[in-house]
Amino acid sequence: MDTTSLFRLDGRVALVTGGSRGIGKMIAEGFIAQGAKVYISSRKPEACEATAAELGPNCIALPQDVSKVEGCRALAAQFAEHEPRLDILVNNAGAAWGAPFEEFPESGWDKVMDLNVKSPFFLMQALHAALKASGTRAQPAKIINITSIDGQRLNPGETYSYHASKSALIYLTKRMAARLVRDCINVTSIAPGAFASEMNRAARDHGDTIAKGIPARRIGVDEDMAGAAIYLASRAGDYVIGETITVDGGLVNASLGAGFDA
């Protein structure tokens, strides 16, 4: 048994949506450090280009708005102009919306459900041929959906469509895994907890306070997210299919509840 290259991604090609910042950027940087060429996409061209320049020559910007099916197909077409195959797809682009139940708008429902659930499905569909061209039984292609612990347990925020969308994406991960494994494409997901990002401003701006409610007593750092993604993307994770890995410092699975302390 040789484990020396178990987590390496040399020669692999990845595409990370929402890759210009936050969790997407953490994953892209981790993949590059392990030898991958990484294409990052986001709806803001300037941010996408700036991150690609920061991460170096093995990071290429492909700006695109994947909130609509046409954008998913356009991104797949853009990618095909550069590469004949895709080894790793990370569906990370997402949105959240919070409003009181009595006032929650249709626009807040549709925006979140479209980007968090519909877009990953149609991007998987649009990139299916490129992923299938890569995958073999010995080295399957990988799809990693970025879900959330809010799809596994409730939080106090009135983020109705976000909760529903992330729960849906966790189950869609299982359904797509069952379909795509026949094409040598493994589908999994990562459910992050508190990581500093534009979407999770509470963790970004009040990390010390948030950490008090986490069993590990800290919020997540870049290496925590990169490590989980590298595991699933690399040879180390080849036998993991349909699973959601929770990366949250124990909040979902190691909390004893209010009034208790481990």
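**Exercise 1: A residue in a loop**

In this predicted model, Phe-101 is found in the loop that lies between strand E4 (88–91) and helix H4 (106–126). Determine whether Phe-101 is buried or exposed, and state which residues form a nonpolar patch with Phe-101 on the surface.

*Solution.* 
Step 1. The relative accessible area of Phe-101 is 58%.
Step 2. A residue counts as exposed when this value is over 50%. Phe-101 is therefore exposed.
Step 3. Trp-109 and Tyr-160 form the nonpolar surface patch with Phe-101. Together the three residues have about 330 Å² of accessible area.

**Exercise 2: A helix residue**

Locate Met-176, and decide whether Met-176 is buried or exposed. How far apart are Met-176 and Phe-121 in sequence and in space?

*Solution.* 
Step 1. Helix H6, residues 160–180, contains Met-176.
Step 2. Its relative accessible area is 10%. Buried means under 20%, so Met-176 is buried.
Step 3. Along the sequence, 55 residues separate Met-176 and Phe-121, whereas the C-alpha to C-alpha distance is 8.5 Å.

**Exercise 3: The cavity**

How many cavities of 30 Å³ or more does the structure hold, and which residues line the largest cavity?

*Solution.* 
Step 1. There is one cavity of 30 Å³ or more. The volume of the largest cavity is about 50 Å³.
Step 2. Its lining consists of Thr-17, Val-66, Asn-91, Asn-92, Ala-93, Leu-115, Ser-119, Pro-120 and Leu-123.
Step 3. Sorted by class, five of the lining residues are nonpolar, four are polar and none is charged.
Step 4. H4 supplies the largest share of this lining, with four residues.

Technical notes
Residues numbered from 1 in each chain as written. Predicted model: local features only at pLDDT ≥ 70, side-chain atom pairs only at ≥ 80, totals over all residues. Heavy atoms only, no water. Patch = residues over 30% accessible without salt bridge, like charges linked within 9 Å, V, L, I, M, F, W, Y side chains within 5 Å. Areas by Shrake-Rupley, 256 points an atom, 1.4 Å probe, with all protein chains shown as cover. Salt bridge = Lys/Arg side-chain N within 4 Å of Asp/Glu carboxyl O. Helix = DSSP H or I, 4+ residues; strand = E, 2+ residues; numbered from the N terminus. Buried < 20%, exposed > 50% of the residue type's maximum accessible area, 1.4 Å probe, protein only. 1 Å grid on protein atoms, 1.4 Å probe; cavity = no way out; pocket = protein on both sides within 12 Å on 5 of 7 lines; lining within 4 Å. Points joined across faces, edges and corners; volume = space filled by probe spheres on them. Nonpolar A, V, L, I, M, F, W, Y, C, P; charged D, E, K, R; others polar.
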